[in-house]
Amino acid sequence: MAEDFHKPTQFSGSKFESFQGGDDPASISRVAHETAQALLARVRSDPDPRIVERLIAYTDEHGIDTVAELWSRAAPRSLPGALWRMYLIRLLIRQDPDGTAFLYQRGVDVAVSIDPVVAGAMIPTGPAEIIAVADEILRGVFSGDFAVALDRAAAFCRVTGAGCTSVADDLDATEPARSSELTTRALRFSTTAQDLAACARLWRHHSLD
């Protein structure tokens, strides 16, 4: 499915991973990997706080178009694939902080793991807290432990996915369409969490490229 995204981009949950490849997959892959490696190496070698903050807020000013063009078609378990998902998670949060905070908090309420601790959002989690943790996680990509940032993003996805599943169960009898939508979203969050966790392992073994 081809999509045109313009500033400001409204990126619904149904478009979570719905970009289509271009005409030259080899060229697209090469550019994705080269730009991701160059950006990360440049910033992490000298993490100027002003540059880091500009990178975090890049999509707020420019929309998701450029990031998507560069990285959205990369393999999920690759450096550009990981960066794309990190930016996408932040964008989804900022477009609907109230809804995301509600789903995340529900996930915290039903959690049986340490994922809420790993994700690191303040509890109880409202819109301000969910926006703050999105920025903190992306900041870690450029000026912290990259693997930890990936693990935090994966934990965030698992918690939010659990929240989606819990709310879907509540709505199954009364709002089946909404329940189905949330179930699908939970699956997307789960898949993204698996990919980000795998990327974190690869990074720790110096194998994420």
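Visitor: Which residues are linked in a network of salt bridges?

Guide: A salt bridge is a side-chain nitrogen of Lys or Arg within 4 Å of a carboxyl oxygen of Asp or Glu. Here Asp60, Arg90, Arg94 and Asp135 form such a network. Bear in mind that this is a predicted model, where local features need pLDDT of at least 70, side-chain atom pairs count only at pLDDT 80 or more, and totals for chains, interfaces and linings use all residues. Side-chain values use heavy atoms, leaving out hydrogens and water, and residues are numbered from 1 along each chain as its sequence is written.

Visitor: How far apart are the closest N and O atoms of Arg94 and Asp60?

Guide: They are 3.5 Å apart. Arg94 sits in helix α5 (residues 79–95) and Asp60 in helix α3 (residues 58–62), 34 residues apart. Helices are DSSP runs (H or I, at least four residues), numbered from the N terminus.

Visitor: Where do Glu53 and Arg139 lie?

Guide: Their side chains meet in a salt bridge at 2.8 Å, N to O. Glu53 belongs to helix α2 (residues 49–56) and Arg139 to helix α8 (residues 127–143), so the pair ties together parts 86 residues apart in sequence.

Visitor: Is Arg152 buried or partly exposed?

Guide: Relative accessible area decides: buried means under 20%, exposed over 50%, partly exposed in between (1.4 Å probe, protein chains only). Arg152 is buried at 17%, while its salt-bridge partner Glu136 is partly exposed at 35%.

Visitor: How many disulfides does the structure hold?

Guide: A disulfide is a pair of cysteine sulfur atoms within 2.5 Å, and the structure holds 0. Cys157 is buried at 0%, and Cys164 is buried at 0%.

Definitions and conventions. Helices (H or I, at least four residues) and strands (E, at least two) are DSSP runs, numbered from the N terminus.
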